[in-house]
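Please keep the structure open while reading.

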Amino acid sequence: MNILLIYPKFPDTFWSFAYALRFIGKKAALPPLGLLTIAAMLPEEWAKRLVDLNVDCLKDKDLSWADMAFVGGMVIQRKSAQQIIARCKASGLKIVAGGPLFTAEPDKFTEVDHLVLDEAELTLPSFLSDLQNGCPKKVYRAKGFCDLYQTPIPLWNLVRMKRYASMSIQFSRGCPFNCEFCNVTSLFGHRSRMKTPQQVIAELDHIYDAGWRSSIFFVDDNFIGNKEYLKTRLLPALIEWRKDKKGCVFFTEASINLADDQELLDMMVKAGFDSVFIGIESPDEACLMECHKNQNKNRDLLQSVKIIHRSGLQVMGGFIVGFDHDTPSIFQRQIDFIQKSGIVAAMVGMLQAPPGTRLFDRLQRENRVVSEFSGDNVNGTTNIIPKMGLERLIDGYRSMMKQIYSPNNFYPRIRTVLGELRTPDITIPLDFQRFLAFFRSGFRLGVWGKERFHYWYLLLWTLIHKPRLVSLAVTLAIYGHHYRRICERYIL
Ligand code: B12
């Protein structure tokens, strides 16, 4: 059997980092970990090829080589997935599809031969055995969630690592919290299901042995879902692992209660983590109450961010406007919070209701869900009727985006975070690509860019105050360029 694994193209969005990747000569941010994991679950004797449309083209000769196509992806890749399916159909190829897009919208893909949905650890074995017996079904669904002990090491040899900015590893799935707008608990459950430290180390060894020294994303829904296990099992193993290793800086996603545990923060930094994405959502207590973001309530959110920065982790933050309790003053309050926090990568979205969330159910009961969920919560659209009125929300959102990414606000935030961050001991070795990125940014931002004054002032400031963070300063300046371009093209 020849299996072609195909990953659809992402549109340009805040998260694609398309405009930033050009500086470092990379084509995509991350490899398709879901498909690589699936590949490892298929019979060893089957030949496998991966075509990730974010770094490759899908050629006719790939299609004619294959006996079957396996397609994965998320809702935001819907359009590209539909095109891939049409091409596979036209060349008479049987299609197996799974992953978040198809699990969320199976009814929209009637032309797919086999929809192997939910977690593949639970559904793929039945499909494979039915296939062997000559009676594969159209749809495979699972009840409940799998045990991650069964998850194999992704087939990393299918990927050309050099084309990506980061590699990825999944330690856990699920989140103990229950935010109203988030679909993580319905997709992955309330309990954090974890791999053993041995599994994680084996995955890291594969990536390291393939020559990778740059960043690695722990793609967990909430990395600190089980703090005890982290402190006693995983982090000690990671600290031990990196003793004889170079580079490989980690980043992940976690909840704000990370700030309450200094021991955990110190261990994460020692293990090589340098940044963390956190859902801050809103500085307004009534909004946090409304969306059941209990972990963010009754705390000084600014102070929590500062604690994390001072411990050595840069905070990237998610923010939402358009809650029922939001009044027009929210936009300025969010801007003030973001500026004071020094959160450079501030991903601000308008409240959206993804199907499967409690928010979706509530707003549907109130007849306030008006269109399909776009799959992207940072694109200046929403599928709901906001209480403050759609026009007012869009206007406020646009003006907020314009302000937070304008060089006048963006560059001071970089200086705030650099000033607060504890200088890391573990860094990515400087390679030719990153060296080149420095010159490209000097030219693009420092000569051509409207921000040229801010750019050189930042470099000078960093050289004086935090010389070991110059490379981070350049990286953050490049992010700013990406955010501004996306804003200009799609939001403003
Ligand atoms: C890493 C990640 C990203 C990376 C993408 C990297 C990449 N190249 O894929 C980044 C950071 C760029 C990203 C961005 C976004 N993401 Co994202 N992301 C994740 C995250 C945290 C991990 C994905 C992962 O690697 N999982 C590990 C693998 C092993 O799991 P998996 O992919 O689900 O695969 C399993 C099954 O789904 C299945 N499977 C997968 N593929 C296939 C294929 C076949 C044929 C079969 C049979 C089975 C199968 O088997 C696997 C093993 O069980 C998930 C949350 C999560 N826990 O999965 C969200 C998630 C996928 N992201 C999501 C979203 C919404 C986004 C954004 C749109 C965010 C936003 N701002 O709105 C952006 C859009 C991206 C863009 N470029 O514009 C949603 C998708 C929802 C959906 N139904 O589509 C998720 C589920 C998070 C959530 N809470 O809802 N994301």
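## Salt bridges

Lys243 and Glu240 form a salt bridge, their closest N and O atoms lying 3.0 Å apart. This comes from a predicted model. Lys243 is exposed, at 63% relative accessible area. Glu240 is partly exposed, at 49%.

The structure holds 32 salt bridges. Side chains of opposite charge can pair when their charged atoms come close. Three of these bridges are set out below, with the distance between the closest N and O atoms.

| Lys243 | Glu240 | 3.0 Å |

Is Glu105 buried or exposed? Glu105 has 11% relative accessibility, so it counts as buried, the cut-off being under 20%. Lys108 counts as partly exposed, at 39% relative accessibility.

Arg368 is buried, with a relative accessible area of 9%. Glu366 is partly exposed, with 36%. Both Arg368 and Glu366 belong to a network of salt bridges. That network also links Glu180, Glu290, Asp324, Arg362 and Lys387.

## Aromatic contacts

A pair of aromatic rings is described by the distance of the centres and the angle of the planes. The structure holds 31 aromatic pairs. In one of them, the ring centres of Phe223 and Phe273 are 4.9 Å apart. Their planes meet at 45 degrees, so the pair is tilted.

Tyr455 and Trp456 make an aromatic pair that is edge-to-face. The distance is 4.9 Å centre to centre, and the angle between the planes is 80 degrees. What is the relative accessibility of Tyr455? Tyr455 has 1%, so it counts as buried. Trp456 counts as partly exposed, at 41%.

One aromatic cluster brings together Phe14, Trp15, Phe17, Phe277, Tyr405, Phe410, Tyr411, Tyr479 and Tyr483.

## Helix α6

Helix α6 covers residues 120-132.

The buried residues of α6 are Ala120, Glu121, Thr123, Leu124, Phe127, Leu128 and Asp130. What do these buried residues pack against? One partner is a helix, α2 (33-41). The others are the strands β3 (68-71), β4 (94-97), β5 (114-116), β6 (139-140) and β8 (172-173). After α6 comes Gly134, with a positive phi near 75 degrees.

## A nonpolar surface patch

Which residues form the nonpolar patch on the surface? They are Leu430, Phe432, Phe435, Phe438 and Phe439. Together they have about 560 Å² of accessible area. Phe435 is found in helix α17 (residues 432-448). Phe435 is partly exposed, with a relative accessible area of 42%.

Technical notes. Residues numbered from 1 in each chain as written. Predicted model: local features only at pLDDT ≥ 70, side-chain atom pairs only at ≥ 80, totals over all residues. Heavy atoms only, no water. Helix = DSSP H or I, 4+ residues; strand = E, 2+ residues; numbered from the N terminus. Expected span 1.5 Å × (residues − 1). Buried < 20%, exposed > 50% of the residue type's maximum accessible area, 1.4 Å probe, protein only. Contact = heavy atoms within 4.5 Å. Patch = residues over 30% accessible without salt bridge, like charges linked within 9 Å, V, L, I, M, F, W, Y side chains within 5 Å. Areas by Shrake-Rupley, 256 points an atom, 1.4 Å probe, with all protein chains shown as cover. Salt bridge = Lys/Arg side-chain N within 4 Å of Asp/Glu carboxyl O. Phe/Tyr/Trp six-rings, centres within 6.5 Å; stacked < 30°, edge-to-face > 60°.
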